[in-house]
Amino acid sequence: MLIRFEVENFRSILEPAELSMVAVDDRPEVRHFPKFGASLVPVAGIFGPNASGKSNVLAALAWLRHAVRNSLSSWDEEVPVDPFAFGEAKNQDSSFTLELEVDGVRFEYLLDVGRHKVSYEALFHYPEGRRRRVFEREANELTLQRGLGELSAIRKLLTDRSLALSIMRRFDEPITSAFSEALLRLVILGRPLNRNRFSSGAGVLSTLRLFEMPDDDMVSSPGGTSFDEAEWQSTRQQAMALLQLADLGVADVEIEETRIESARGETIVRRNPQLVHRTDSDRQPFEYRNESAGTRAWFEQIGPVLNALRRGSIILFDELDASLHPTLTAQFVKLFKLGKSNPHGAQLLFTSHDTNLLNHLNRDEVWLTQKQANGSTRFAALSDFAGERVRRSANLESGYLSGRFGALPDVSRPEVLHELGLIG
């Protein structure tokens with residue numbers, strides 16, 4: 001689970017912006033970790049005006065995952081980091097700090113990186129409650145924890161533009177593997193955050209697998225266990241329940257197979273979903289491409305969401321409310337807050353303009369962004385914007401819309417309203 005994430009000098013984020021998932025009070029949905037003395041919330045919602053930097057907070061965490069996955073293979077010429085564009089900051093390092101709970105142990109990963117080199121990188125853990133260094137790197141000088149001598153070989157592979165953690169993924173070392181695998185399980189949803197990725201196609205395939213019976217090539221898991229039909233039926237029922245939760249009129253999902261002969265004479269089988277709609281007297285499957293944008297958006301989230309709930313992963317969802325009805329987004333959030341639907345501690349971090357969601361969030365689950373005069377993002381907890389301790393019983397939506405917390409678009413400028421003809 002995510003404990004804390006901090007980023008500095010990334011896109012619109014100039015000053016350090018810290019997102020903490022540590023609960024401020026006890027309640028049924030929080031997860032308790034006595035080993036490091038904290039309880040963690042399952043949900044965090046980021047609200048604020050357009051262009052105030054909401055997406056950039058999630059983008060920074062997504063960037064860190066991408067960096068650990070790809071620095072060794074794709075950072076040959078330049079590090080694709082994106083610092084604040086104004087002033088001296090564009091020539092300075094971007095900084096990231098990520099704290100995760102992995103199997104009850106707290107991990108802390110730190111990274112300072114510029115366009116041409118990695119300045120600092122370190123991983124610490126707290127196996128007995130005290131901070132212990134796993135590795136620490138200043139430029140290309142690497143120090144390892146005692147007992148990790150098998151990782152000393154990575155010194156020969158380390159370059160100015162590669163992360164030590166990326167290289168360590170090639171080695172079967174339990175401590176570093178546990179942390180990197182937890183980070184790489186992070187799920188990215190929402191078209192704004194995924195605008196340079198084929199997110200919809202991946203979402204369709206992920207959901208499609210939940211509805212189709214595995215064939216002979218899919219009956220074994222990576223661990224080698226045999227396929228369990230009863231487990232698959234249970235998972236399919238969960239997926240169907242999520243689909244019907246949206247009240248889209250969909251009664252079932254069928255898989256249409258199309259066989260295509262390739263230029264090499266090979267047969268390619270394409271599987272496409274058909275959503276079956278049922279009325280009082282008829283049952284009719286429809287081509288997926290003919291479904292509404294809202295139906296497709298919901299269908300594409302089912303696979304990634306159910307997989308995340310089963311694995312206890314973190315989901316980053318940019319613009320949760322896009323194409324979805326407010327009552328549906330509220331149910332989506334509820335999936336992560338209830339222990340029965342979220343038994344493994346999955347977390348949802350999202351951005352939204354839907355203030356109705358504030359009625360479904362606790363005071364420590366709300367974060368706000370505001371654009372400052374220099375173009376940078378102010379990012380802070382709701383209580384920091386409010387300027388006082390927010391009561392547990394406070395109506396967060398009413399308080400936000402009334403301007404008590406700030407982080408609202410300024411629509412009161414007379415010169416703009418006059419130009420648009422909205423005032424005389």
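# Close-up views of a predicted model

View 1. Look at β13 (residues 267–278) beside β14: the two pair in the antiparallel sense over five bridges. A handy place to start is Q274, whose bridge partner in β14 is E287.

**View 2. The largest nonpolar core of the model has 63 residues.** Which residues have the most contacts inside this core? They are L2, W63, F96, Y109, F135 and L349. Helix α1 (residues 54–74) gives the most to the core, with 10 residues. Apart from it lies another core, of 42 residues, which includes F47, I302, V305 and A308. As a bit of background, nonpolar side chains tend to be buried together in soluble globular proteins.

**View 3. Here we zoom in on Y109, among the residues with the most contacts inside the largest nonpolar core.** Setting aside neighbours within four places in sequence, Y109 is in contact with L64 and V68, and also with F96, T97 and L98.

**View 4. Helices α1 and α3 (residues 174–184) cross at roughly 125°, and their axes come within 9 Å.** The two helices are therefore oblique to each other. In this crossing, α1 passes α3 in the left-handed sense. Helix α1 brings L64, R65, V68 and R69 to the contact, while α3 brings S180, L183 and L184.

**View 5. Helix α6 (residues 293–311) packs with helix α7 (residues 326–337), their axes 11 Å apart.** How are α6 and α7 oriented to each other? The angle between them is about 15°, and angles under 35 degrees count as roughly parallel, so α6 and α7 are roughly parallel to each other. Their crossing is right-handed. On the α6 side the contact is made by W298, V305 and L309, and on the α7 side by L328, F332, L335 and F336.

**View 6. Strand β15 (residues 314–317) has buried residues pointing both ways.** I314 and L316 point one way, I315 and F317 point the other way, and all are buried.

**View 7. Our last stop is Q347, a residue of strand β16.** Is Q347 buried or exposed? Its relative accessible area is 0%, so Q347 is buried. Q347 and F336 are 11 residues apart in sequence, and their C-alpha atoms are 6.5 Å apart in space. Leaving out neighbours within four places in sequence, the contacts of Q347 include M1, L2 and M21, along with L40, V41 and P42. Among the others are S313, I314 and I315, as well as F336.

Technical notes:
Residues numbered from 1 in each chain as written. Predicted model: local features only at pLDDT ≥ 70, side-chain atom pairs only at ≥ 80, totals over all residues. Heavy atoms only, no water. Core = buried A, V, L, I, M, F, W, Y, C linked by side-chain atoms within 4.5 Å. Buried < 20%, exposed > 50% of the residue type's maximum accessible area, 1.4 Å probe, protein only. Helix = DSSP H or I, 4+ residues; strand = E, 2+ residues; numbered from the N terminus. Contact = heavy atoms within 4.5 Å. Pairing = 2+ DSSP bridges. Axes fitted to C-alpha atoms, helices over the stretch in contact; angles between N-to-C directions. Parallel < 35°, antiparallel > 145°, perpendicular 65-115°, else oblique. Left-handed = near helix turned anticlockwise from the far one by under 90°.
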